[in-house]
Amino acid sequence: MSIHEKLKRPGPKKLLALDGGGIRGMVTVEVLAKIESLLRERLQSDTLVLSDYFDYVAGTSTGAIIATCIAAGMPVSKIRDFYRESGKEMFDRASILKRLRYKYDDEPLTRKLRTVLREELGMEETEDGRKREPTLGNANLRTLLMVVLRNVTTDSPWPLSNNPAAKYNDRSRPDCNLNLPLWQIVRSSTAAPTYFPPEVVTLGEGKDAYSFIFVDGGVTPYNNPSFLVFLMATVKAYRLGWSAGEDKILLVSIGTGTTPDADDNLRPSQLHLLHSATSIPGALMFGASNQQDMLCRVFGKCIEGGQLDREIEGLMGSGSLIMGSESQGLPKHFTYMRYNVELTSSGLGKLGLGDIDPRAVQQMDSVDHMDKLLKIGKAVGEQQVRAEHFDGFVA
């Protein structure tokens with residue numbers, strides 16, 4: 001089914017949002033495997049892929065890789081193989097001189113992305129007969145796709161989508177976003193500062209061409225893109241305009257694991273420049289991700305999700321969470337579930353995986369422990385994903 005056909009499909013809309021997190025995206029892959037298995041059983045189809053079910057898929061960083069693979073029609077087993085076979089290659093150490101700026105070379109990931117996208121989507125032909133790499137506007141993409149980048153040049157988040165009606169997707173524009181190479185958009189979203197070099201993307205052609213520098217979308221407020229994709233699906237300015245309602249939109253959000261680093265013995269004297277430089281980026285990313293999750297639980301009917309904090313707990317249920325005489329009847333705008341895990345001794349213990357050392361799986365580049373990450377993701381899927389979560393959203 002093409003994107004245009006999917007846009008005309010009646011019934012509730014299903015959205016999928018995938019967090020960033022480097023190689024910890026393998027946790028996401030196993031949760032998706034559980035979802036795919038349940039949907040195949042419910043819809044009695046051994047060949048169903050997630051792009052057959054979801055209408056809009058969004059991702060940041062490693063989530064952008066997975067979301068793009070889903071939109072291209074790949075089954076989860078093939079996405080798993082992509083990570084297993086190329087995980088270590090993706091994190092190929094840069095030369096000694098380059099390591100002053102970033103840890104890993106981007107060429108292996110670039111080659112892999114280009115190869116996979118060519119295989120799944122095919123090369124495109126331009127109006128003048130030239131061949132080009134698959135673009136954001138590729139006709140073989142099977143669902144709406146949104147990828148989050150950070151434009152360093154303009155100092156702003158850039159969520160790019162293939163929504164045909166979007167303002168900057170107008171085919172008459174010389175700088176139409178739909179003409180951008182898809183591999184380059186995904187590579188930009190994965191360009192985590194200090195890990196990979198930035199990506200320079202050129203829009204337009206000839207004398208009117210101009211370039212922007214992009215880095216990982218994880219350093220925007222949307223490393224967890226769940227509430228953002230709901231807004232892009234429903235807010236009039238984004239020109240998609242889907243109707244909101246807890247029976248009209250299902251939003252599935254999947255994390256790559258949280259890594260809280262509580263330290264009861266921390267002293268003020270230890271909060272020096274190096275400590276701040278290494279800890280603040282992660283703290284900001286966690287805070288932004290938590291805020292996206294919280295917004296989804298306030299404005300959506302949350303039917304699955306862990307505790308946000310000890311004061312507000314999980315904000316579960318369908319009743320209004322906003323007080324005030326004018327808002328007590330506030331309706332829920334979508335049905336929502338959040339699948340995630342705390343990568344601590346306590347969190348892994350709850351999954352029956354107390355034998356896994358949290359330190360082995362907490363880093364974005366834990367490529368030596370991919371099997372452990374797959375094991376964690378499978379346990380999350382088995383414990384958290386249930387068939388009844390999709391009731392009312394399976395035809």
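Start by selecting Phe227, Phe230, Phe299, Phe334 and Tyr336, which ring pairs link into a cluster. Rings of Phe, Tyr and Trp (its six-membered ring) pair if their centres lie within 6.5 Å; planes under 30 degrees apart count as stacked, over 60 as edge-to-face and the rest as tilted. Before going on, note that this is a predicted model, where local features need pLDDT of at least 70, side-chain atom pairs count only at pLDDT 80 or more, and totals for chains, interfaces and linings use all residues. Residues are numbered from 1 along each chain as its sequence is written, and side-chain values use heavy atoms, leaving out hydrogens and water.

The whole structure holds 12 aromatic pairs. Pick Phe212 and Phe214: this pair is edge-to-face, 6.3 Å centre to centre with 85° between the planes. Phe212 and Phe214 are both buried (under 20% relative accessible area with a 1.4 Å probe, protein chains only). Phe334 is buried, as is Tyr336.

Next, select helix α2, residues 25-42 (helices are DSSP runs of H or I, at least four residues, numbered from the N terminus). Of its 18 residues, 13 are buried, so α2 is largely enclosed by the rest of the structure. Just past α2, Gln44 has a positive phi of about 50°.

Which residues of α2 meet α12? Met26, Val27, Glu30, Val31 and Lys34 do, with contact meaning heavy atoms within 4.5 Å.

Note on methods:
Helix = DSSP H or I, 4+ residues; strand = E, 2+ residues; numbered from the N terminus. Expected span 1.5 Å × (residues − 1). Buried < 20%, exposed > 50% of the residue type's maximum accessible area, 1.4 Å probe, protein only.
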